[in-house]
Protein chains: 2
Amino acid sequence: MKHIISVIVENKVGVLARISGLFSGRGFNIDSLSVGETENPDLSRLTIVVNGDDTVLEQVRKQLGKLIDVLKVQDFTDENYVARDLMFVKTNVPPGKRGEIVELVDVFRGKIVDVGQRDMIIELSGTEDKLDAMLTLLRTYGIKEVARTGCIAMLRGTK
Amino acid sequence: MKHIISVIVENKVGVLARISGLFSGRGFNIDSLSVGETENPDLSRLTIVVNGDDTVLEQVRKQLGKLIDVLKVQDFTDENYVARDLMFVKTNVPPGKRGEIVELVDVFRGKIVDVGQRDMIIELSGTEDKLDAMLTLLRTYGIKEVARTGCIAMLRGTK
């Protein structure tokens, strides 16, 4: 089953290596991971998306909670949350197709951040499904490069 | 100096732990990191933002290139690139201030993804500076929670 796990850690050298080591030690391949700042400059927030056996993952979650630099671990799986990814796509722009691609970007409410003679970089944020849908449509023109952040998630409402 | 490094890796268990270990082994604290899928389902793209001594970082970059599962390493520092972050902010909404906050979100071209009685989750993508600017303005109302993806970057134009 797919799990989205949020981990608050202290900004110390080696924390990320220890956390990713915990997952790989149990044979989990991390689907996506993002590490960003929080409101407190001493803390970072990791969002990890991982697929795997629920029982083993529960053990990993508990071990995570025991690491000294880990302050909080939350599994969002059964919660009411919002999740988004960010993506850059460098798409090929075949002759005469620029207008068509610009329309597509508008429909998805994406942004064009760079325009070359034969290509274009599009920025798009949204759910994983939305990003995948745009990629499917752009494949018609030819995709040169993709960069995705991996997802961030947050619980709805006040806890 | 701040460096943005993009690394293309094979999706294998343990790659992330090895890469983050390389940085922590040299005493580098990673400012932000994002790992996402690429167009090839067997490959992932890591974007690492790190501050540190240029000479030592150059050594890390070379060692990265030697790892078996690493296919490509690019340092964007002196290149012409676009970079963006994605952020969720759960902001406090004091009585009578909802309209004011909604206007602010419009100015930044953010999106409101959840509305509670006393709070709101805002989604915003942009440069690091833009995200920081919004956080500064929201602090007036009180920020409850922040989740940031860390940046993704892509070279402009065709190489």
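Which are the buried residues of helix α3 (residues 98-107) of chain A? The views below start from this point. The model is predicted, with pLDDT of at least 70 needed for local features and 80 or more for side-chain atom pairs, while totals for chains, interfaces and linings use all residues. Residues are numbered from 1 along each chain as its sequence is written, chains are lettered from A in the order in which they are written, and side-chain values use heavy atoms, without hydrogens and water.

**View 1. Helix α3 of chain A and its buried face.** The buried residues of α3(A) are A:I101, A:L104 and A:V105. Seen down the helix axis, these residues fall within an arc of 100 degrees, so they line one face of α3(A). Buried means under 20% relative accessible area, exposed over 50%, and partly exposed in between (1.4 Å probe, protein chains only). The arc is taken from the directions from the helix axis to the C-beta atoms. An α-helix has 3.6 residues a turn, so residues three or four places apart point the same way. Helices (H or I, at least four residues) and strands (E, at least two) are DSSP runs, numbered from the N terminus.

View 2. On the face turned away from the buried side, α3(A) carries the exposed residues A:E103, A:D106 and A:V107. Just after the helix, A:R109 takes a positive phi of about 55 degrees.

**View 3. The interface of chain A and chain B.** In contact (heavy atoms within 4.5 Å) are 59 residues of chain A and 59 residues of chain B. The two chains bury about 4,900 Å² between them, 56% of it on carbon and sulfur atoms. This buried area is the accessible area (1.4 Å probe) lost on putting the two parts together, summed over both. In chain A, the residues A:E39, A:I152 and A:M154 lose the most area to chain B, together 13% of what that side buries.

**View 4. A salt bridge between the chains.** A:R156 forms a salt bridge with B:D114, and their closest N and O atoms are 2.9 Å apart. Nine salt bridges are counted between chain A and chain B, each a side-chain nitrogen of Lys or Arg within 4 Å of a carboxyl oxygen of Asp or Glu. β5(A) gives the most to the side of chain A that touches chain B, with nine residues.

**View 5. B:M154 in strand β9 (residues 152-155) of chain B.** B:M154 counts as buried because its relative accessibility is 0%. Among the residues that B:M154 touches are A:F88, A:I121, B:F76 and B:Y81.
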